[in-house]
Amino acid sequence: MSKKQLYLAFAIMFIVACYWPISRSAAQSGVLIPTTLGTNPDKNILSLSVMNVDILIDNQHARVKVLQIFDNHHASNLEGKYNFALPTKGSISDFAIWENSVRIPGVIMERRRAESVYGELTSAKVDPGLLTQDDEHGGSSAFSVKVFPIPGYGSKRLELEYTEILPIEELTSRFSFPLKPEAGYNQEAAELNIHLLVLSKIPITDTKINSKNYNLKVLKSTVNEFEASFQGSNIKLTEDLDLSYKLNVNGSELDAIAYRAPEHISAYDLRDPALAKPNPDGYFQATAVFNEQQSKTNVARNELILLDTSLSMYGDKLVKAVSALEQFLASLETTDRFNLILFNETATPLNTEPLPATKENIAKALAFVKDSMLYGGTNVPQGLLKALELADRFPIGARNIIIVSDANPTVGELKKANIVEAFKRANLSGTQARLFALGLGNDAANNLLEQLVKDCNGFATSVRETEDITLPVQSIIEKINKSNVSKLSFSTNNSNFYQVYSISEKNAFDGGSYTYVGRYKRPQPQATLSIKGILGNHEIDLSTNLDLPEFDDTHSQLPRVWARARVDALLREMDLNGEREDYIAEIIRLAQKYKFVTPYTAFIAAPRALLRPRLIQPGDPVLRVKTDDSVKEVFAVFPFGETLPLKYLEDEKVWEARFFAPATLADGTYKCRLLLTDKQGQGFQEEKSFVIDSHAPKLTVNLASKVLHSGDELTIKANADKDTIRLFAKVFGLKPVTLSWSAKEQTNIGKLPIPKDLPAGNYTLTVVAEDGAYNQASQEINLTILPN
Amino acid sequence: MKALNNKQKIIILIVLLFTLILVEFIHIHNRTSAALLTAKTNLSEQNIIKYHKQDSSPLNQNISFLNSTQEISSITLFQGNYFVASKGGLTKYSPTGQQLKHYTSLTGLSENDLTSLTTWAGKLFIGTRTQGLLVFDGEKFSSYSWPNLKTEAISALLNDNSRLLIGTFAGGLLEFDGEKFSEIKIDGNRLKAITSLSHNQQRLFIQTFDNGLWVIEPTKHNHFTINQGLPSNRVVGVTQLDNNLLVATDFGLSIANLDQLGNSQSLFQTLITVPTVSSLVKSQNSLIITQDNGQIWQLPLTTDLNNKYLKPLVKTDSNNAHLIELENKLWLASNKGLWQLATNKLEAFSQTNKDNLSSNIISALAIDNLGQLWVGHFRNGIDIYSPLGHKITHLENDYLREINHIDITPKGIFVATSQGLVSFDSKLHSQRLTKSDGLLSHNISSSYTLPSSDNLLLATTKGLAIGKAGKFSLLTAIQGLPSNNTYSISSIENTIYVATLTGLAQISNGKVIRTYKDANSSLNSNWITALQPVNNYLFIGTYGGGVYQLMPNGQLRSFVPEIGRLAVNLNAIFSDNKYLYIGTLTGLWVYELATQHWNQVKLELPSSNVLSITGNNNYLYIGTTNGIAKMPKDFFNQHNQTESTLESTQGQIYE
């Protein structure tokens, strides 16, 4: 094969890679894959019957609750894998899996322990869910949950909640919820419900829901509140739900909020006496919104685009990357200059010298990409250093490098700290270029990209495979034309504050925001907070006074936001300088306390105890509880004032107690509290319900006629108590019929066909109503069947 | 008389004016006070509760009770002796622990299950589980009940100087001034599920089972629950520590500053997380904490109050363990008795009665051919008593704990339990039948042996098992049983009857030949719980549908017109061919076969909930939720003549 033929073959492969997604089991969004039967989602096996999405955005803090119910159309129990791709800065805050009517909430555990418990439970056929985040170091936002078992012809209900701090750019806040599965897969919701509520202290305008499929109905739209909802049936999830709104501020502003309330000490904290003492310190958050109305520079732009063409970019990522390239190039004026480098294991430039952004050169650049190869691993430092080398050849003026990549280094230097340091050193000593980054995919190493851009006044953003790329690309283009707010710092007039972290990991630009969270030691009226920075040639100095309250639990999200910022800071530190035991211990502690997944923790929705909801009759008063092996004592607190320790039955691996329901206890549903102690002496509480039902349902039957002819159809109408779960009619020798509720007739109806060959005579029709406790009431009616 | 000058006139006028104002002020004050008093009186009268007082008198001297007095709820000092309340009555002890006297419902109590004690106005006040408040003057008992108030247990009593405070589980907090009862409400609302009352200076602490802690002060009140930081809403102890309030719940200890109680900031901080905490007491230099299982912990006050410094002190293997502070001594009360806690050791307070029942809930009774009484406990195995009433042995293990039924046959003694069937030979060697023997369920409600067959019949939750060890077959709803949930078995000649959840099955030659249900008979409840053949009749007990008699011709006679729709407990039926005895939620019902006359026995029982019955030629043994009544057979002859003693004595209603 000649070199030309080889290139042609690679070119074809490249195009195929771009436009034909390769089948794989990477992260899907809200998809349950029946792993027992395959690696892909299949609606003929598991279909999405209900999806509820509840979004609350409270002053840029988004809290999203997702409920999904999947139906199993297969006869056997299945094991599944539930994948959910969060927004890149999203953080799981709750997770639950349902077993029949029992909600099993997720508990954050050390990851190794969670996986061990999961193994034990699945082998015992108990239903756990294990939610892990594969690589938060790399900024991964793909979560997966093992789900077992999904009952044959049954359904599986999953709940997930995450939070996200929405950035502000161009005085616009954007929110995106992943609804669309990765390309190549279809997901359809038999019922889709979306509720959206936006609250903002700063007036909001121009609220837009960028969605064609989900036509949300606006319920309320004021300057401080926006509410909308959507209900639909058989909705194809072909796009994400995107929302944007503008913040209406006249100039730059600094807003601050605080929170202080007694700290709840978790069982985990009690392992260490040093942590068991409640920390009374408060939390604060200060957010600067910059509106300096900086004008665009009119000087010619110099842009070098560094495009990742390694094999990890296959599929959607490459489609997005090429689309981004087209947009970047299209934004250039003919007076601007540009260059292009494709990098994988090596770095290949379009040209050794910068090119004017003429139509011809742009076409040449696009052809260069299409004629290129998708190949090998990702040598990030080599690409960056080559970019600096070629950017140095731009004329004097701003030199901008745009890297479009998933940025997961697999070749060359792999340690991210070294990559950041090498780039920083080379850039500061020579080119002094600004680096802009577009991270692609759920597994993009956003942390690395953010570190790279931070020291060179750049900007990084990222998109999921399924997300619309237009706005992030536009955001980068806007910022290339502007200076960023540099040398940002937080200061106060006293030493009351500590452990203050920026939660805006990107550099701030005019029209954007920058937020710090931290803690304060003691209540104080009118503490002065300041955020300073430099934009272009002038200094921005924003100050505000904040009452640091003795008690105020209004902004209850602050402890968690701070904890997340603290954990992110520790992770970054370890990412750059290696793991430390004390950091890991603190990360696990904070993650357990505030419920978020880290590389060291996982949610496991395995119940400490699994009290099967059961119907208890006075003659069957047994409470049975299944727990994992770590539990050594179980104690029940009954609502009628009795407390009982449960005994462990070794043979059945179950805790059991027989309780005596007082004779005066009326039929009904009651709550029972379980107190569990594990081998380490840690305590856990769970509340379960049980039903006492000592009465059979009341039954009344109504027949239009008791005399029929063979071949007729007998219509049976019956009313029974609400707790009836089975209502049927039978005649000896004939197939029983089930009576079901008719809204039109306002009664239960069943139709019993009388066979034509049924001999004439007298027969007995028996109608039976049975409740969940198997109490039965029945009625017998004599029928006369006449010959046809 | 010298004329007054202007200055003097002005002074006199001012004095007059002030006098008038003062008089008017006093007048207004008096009127306001009177109006306030009237309003208070009216308000108080609204909360006044009608009560019923009854002086008790000893019942039939020939009846005796067998029960457990080990399950201790409270202790107090009265007239120089200790009085201990238990589920088995009230016991008087000398200061050295010598038992002086034991009181039961036969000797004056309104019931045996006692919950709380205190002394007030020179008398001993006693709370009961279901029968109101008792008062003892050292000689005789009187009882108070409230006909219009469902209190359930009197769960707490407190001597509050001029008044007696009475905490109830369902009827709120009551106040007794020696003459009348009134209910104390907070903002017009009833206080629910009170478990303990205590006070410290001006503060009254009201602990509840599931509704946190109330703190009542003269001018204000506060309510604390998990919303204010308590680890759980079941509060089991309160104590003050300097200026802090320490609250123990069954999930741990928390603390709050007393000065800030009631402020929105005053939230509790968790100090210690320990499940099943059951009480908290402050001793000299430490806190003493108990867990329900008898584990006692010490937490020195000289250290930080957290789990690290929690030191195990001593443990006794028991349940419902809790500390009581009395006369500067600490007492540990539990279901296994009473101890004094002294110098980190537990010392038993008194000699244990070896003939005590192992528990008071008696689910099965039988008498073997040696005349020994087999007592099956609801969850504590089996006690065996000699004919003279001495406990011979106690049998309990993982498989012989929850006893459903005891069947004494010439082929052996068969005990149906929730964990299989255990059979005993004459030497008490046991053998257990389980799923490995072909049973589909371990939960056996009852067993039955046919005289003409070697086969065992077992009523299980999966159907009727017929066979022997290793070879059981199952008769289920598929074969025609009304339900797979079977409870009782009986036979008349070769016909077997099986009680099920949804009707009665008649079986002949291994086949269901007929069923009796509400749809095809006069049964008005399908849940059949007990069967007893007498001659050629089968008596049938139902749960909530009364008692029936199955005639040889297949007709059912209902006793609902005579005795109503009784709830007959599982297998609580017995006959000596003269009487038929039926155990129900409302006492023992006795049917004289010759006269076809019914009587109810209730007062003479330790509890009106009768779970099991057996008898011999001389005595009838009635197992209840609170021990066993041993009644001579002639009691029923006398009883028949006097009708029921239920209404034999009438008390007085007070308003």
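In the predicted model, Val322(A), Leu325(A), Glu326(A) and Leu329(A) of H4(A) meet Ile362(A), Ala365(A), Leu366(A) and Val369(A) of H5(A), a contact being a pair of C-beta atoms, placed from the backbone, within 7 Å. By class, this contact has seven nonpolar, no polar and one charged residues (nonpolar: Ala, Val, Leu, Ile, Met, Phe, Trp, Tyr, Cys and Pro; charged: Asp, Glu, Lys and Arg; polar: the others, Gly among them). Helix H4 (residues 316-330) and helix H5 (residues 359-370) of chain A pack at an angle of about 170 degrees, with axes 11 Å apart; H4(A) is therefore roughly antiparallel to H5(A) (angle over 145 degrees). Axes are lines fitted to C-alpha atoms over the stretch in contact, and angles run from 0 to 180 degrees between N-to-C directions.

Between the chains, 39 residues of chain A are in contact with 48 residues of chain B. The largest share of the chain A side, five residues, comes from S51(A). By class, that side has 21 nonpolar, 14 polar and four charged residues.

Helix H8 (residues 446-454) of chain A is mostly covered, with eight of its nine residues buried (20 or more other C-beta atoms within 10 Å of the residue's own). Among them are Leu448(A), Leu449(A), Leu452(A) and Val453(A). Helices (H or I, at least four residues) and strands (E, at least two) are DSSP runs numbered from the N terminus.

Residues are numbered from 1 along each chain as its sequence is written, and chains are lettered from A and ligands numbered from 1 in the order written. Local features need pLDDT of at least 70 and side-chain atom pairs count only at pLDDT 80 or more, whereas totals for chains, interfaces and linings use all residues.

Methods: Buried ≥ 20, exposed ≤ 12 C-beta atoms within 10 Å, placed from the backbone. Contact = placed C-beta atoms within 7 Å. Parallel < 35°, antiparallel > 145°, perpendicular 65-115°, else oblique.
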